[in-house]
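Hi,

Here is the structure I said I would pass on.

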Amino acid sequence: MSQLVAQTTHKAVVDDSPRQYLTFSLGGEVFALGILNVKEIIEFGNITEIPMMPAFIRGVINLRGAVVPVIDLSARFGGATSAVSRRTCIVIVELGSGEDTQDLGVIVDAVNEVLEIPRSDIEPPPSFGTRIRADFIQGMGKVDGDFVIILNVERVLSTEEMTMLAGMGNETGNDDQ
């Protein structure tokens, strides 16, 4: 029995290892994405708009011959579309695993840094008090006395939900004709 307790305790210590997160600013708040989902960061460039898409889908870019959809996180969270400044950039995020992966570009106001946050410094998502949906938040990381909102990238950039919303946009767009 004591061996089982010792093994369980050891696993908890290993589980507390810091995770790395890319932090970025968006609308005056600091957010974080797990670094394992981040493929690269590119400067904001030409985006080809796609008609009849929701406001949070800004369009697509050509990334070394691949068509990559670009999402405006500010608009995705229900705010206004991001104003482009000289620090605005696109974070290329890889979703899925194995052969079923999808790259998406995410417009952010500015990339800050890569931080290591121990799991013990990550609180569960709050049920209220944030400007974004609770299911978009994986946790709240404590960094130097402040909180960083750690995003649940699979929920925020859910291709199924975005496809459904784009379909609804197309349906409402067709009513005008």
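Let me start with the inside: the largest nonpolar core has 29 residues, and F77, L151 and L157 make the most contacts within it. By nonpolar core I mean a set of buried Ala, Val, Leu, Ile, Met, Phe, Trp, Tyr and Cys residues joined through side-chain atoms within 4.5 Å. Buried is under 20% relative accessible area, exposed is over 50%, and partly exposed is in between (1.4 Å probe, protein chains only). Two or more residues each come from β1 (19-26), β2, α2 (73-76), β6, β7, β10, β11 and α3 (153-156), with β6 giving the most, at four residues. The element names are DSSP runs numbered from the N terminus: helices are H or I with at least four residues, strands are E with at least two. Another core, of nine residues, lies apart from that one and includes I42, I61, I90 and I107.

Before I go on, a word on the source: this is a predicted model, so local features need pLDDT of at least 70 and side-chain atom pairs count only at pLDDT 80 or more, while totals for chains, interfaces and linings use all residues. Residues are numbered from 1 along each chain as its sequence is written, and side-chain values use heavy atoms, with hydrogens and water left out.

Now back to F77. Beyond its neighbours within four places in sequence, F77 is in contact (heavy atoms within 4.5 Å) with L26, F31, R131, I132, F136, L151 and V156.

On to the rings. A search of the whole structure turns up three aromatic pairs. Rings of Phe, Tyr and Trp (its six-membered ring) pair if their centres lie within 6.5 Å; planes under 30 degrees apart are stacked, over 60 edge-to-face, and the rest tilted. F31 and F77 have ring centres 5.5 Å apart and planes at 40°, so they count as tilted. F31 is in strand β2 and F77 in the loop between α2 and β6, so this pair ties together parts 46 residues apart in sequence. F31 is buried at 2% relative accessible area, and F77 is buried too, at 14%. F77 and F136 make another tilted pair, with centres 5.9 Å apart and planes at 45°. F136 sits in the loop between β9 and β10, so here the parts tied together are 59 residues apart. Ring pairs link F24, F31, F77 and F136 into a cluster.

Then the sheets. Strands β10 (residues 137-143) and β11 (residues 146-151) run antiparallel and are joined by six bridges, with G139 partnered by I150 in β11.

There is also an open sheet of five strands, in the order β3-β6-β7-β5-β4, again with mixed pairing. Its edges are β3 and β4 (57-63), each with a single partner strand, so one side of each is left open in the sheet. β6 (residues 89-97) and β7 (residues 100-108) pair antiparallel over nine bridges, and S97 has D100 as its bridge partner in β7.

Last one: N37, in the loop between β2 (29-34) and β3 (38-43), is buried at 18% relative accessible area.

Cheers

Terms used
Two strands pair if DSSP finds at least two bridges between them.
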